[in-house]
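Welcome to my notebook. Today I am looking at aromatic rings and the partners they keep.

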Amino acid sequence: MKIVIIEDELQAITALKKEIETHCPSLEFCGSASMLKEAKALIKSEKPELVFLDIQLKDGNGFDLLTDIGNYSFKVIFTTAYSEYALDAIKISALDYLLKPIDSEELVIAVEKAEKASLETTRMQLKNFIHNQTLNPLYKKIAIPTSKGIFLHELETIVRLQSDGNYTAIYLNTGKKLIVAKILKDFEDMLENMGFIRIHHSHIINLNHLESYINKDNGYVILVDKTTLPVSKRKKKSLLALLNNDFC
């Protein structure tokens with residue numbers, strides 16, 4: 001795969017290039033840039049298949065670059081020193097990212113995933129990612145991978161998620177249930193700061209579908225669809241703190 005690196009700092013470009021040469025010899029390095037204009041020109045001239053894209057650039061950010069380009073003929077792996085807001089947006093669009101300093105093992109895994117991913121799927125994920133940037137959190141869409149492909153659902157439509165061994169059952173407000181080959185912890189990380197909270201080792205709920213919390217029988221919640229779910233002792237304090245903070 002032909003690659004380019006779009007990074008804020010020369011040191012970061014050099015370090016990532018070295019990691020790629022050492023651990024991903026199948027990748028062909030075609031250039032680097034640290035500013036939006038030169039990055040856009042580089043992508044246009046080199047036509048890379050994969051772009052390593054820093055979230056923060058010298059004169060803007062990676063989101064600006066993607067918005068400007070619009071027509072995606074490449075796959076993307078984001079790189080960041082850490083930006084909570086940015087990572088939340090990346091996670092719910094099911095895109096890949098690497099935290100700096102780059103870990104060799106994580107780099108190899110991300111590259112292998114990029115090599116296997118279809119360009120059509122990547123385009124959909126990137127368009128969803130850009131679409132989500134301007135939206136109220138309720139109307140942002142999450143990319144849910146299933147055996148049939150990746151499906152986009154507005155966060156508002158998800159009522160709850162329930163652990164099912166190595167799978168997760170996602171319950172929608174339409175009454176539909178999706179079974180996804182991801183553990184509940186994956187979704188807990190993905191939906192952090194998006195209006196969802198884990199109330200039990202088996203349950204995550206969308207607070208926008210919470211009707212009431214009942215402080216008896218060890219504590220339980222009732223959702224708007226009348227589903228009743230237990231709240232574990234370990235999660236009770238964080239749930240009540242969140243409810244008191246939001247509604248008091």
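I start with a term: buried means under 20% relative accessible area, exposed over 50%, and partly exposed in between, with a 1.4 Å probe and protein chains only. The model is a predicted one, where local features need pLDDT of at least 70, side-chain atom pairs count only at pLDDT 80 or more, and totals for chains, interfaces and linings use all residues. Residues are numbered from 1 along each chain as its sequence is written, and side-chain values use heavy atoms, with hydrogens and water left out.

Entry one. I searched the whole structure for aromatic pairs and got 4. Rings of Phe, Tyr and Trp (its six-membered ring) pair if their centres lie within 6.5 Å; planes under 30 degrees apart are stacked, over 60 edge-to-face, and the rest tilted. I looked up F63 and F129: their ring centres are 5.1 Å apart and the planes meet at 70°, so I note this pair as edge-to-face. F63 belongs to helix α3 (residues 62-69) and F129 to helix α6 (residues 119-132), so the pair ties together parts 66 residues apart in sequence. Helices (H or I, at least four residues) and strands (E, at least two) are DSSP runs, numbered from the N terminus.

Entry two. I found F78 and F129 in a tilted pair, 5.2 Å centre to centre with 50° between the planes. F78 is in strand β6 (residues 75-80) and F129 in helix α6, 51 residues apart.

Are F78 and F129 buried or exposed? F78 has a relative accessible area of 0%, so I call it buried; F129 is also buried, at 0%. My summary is that ring pairs link F63, F78 and F129 into a cluster.
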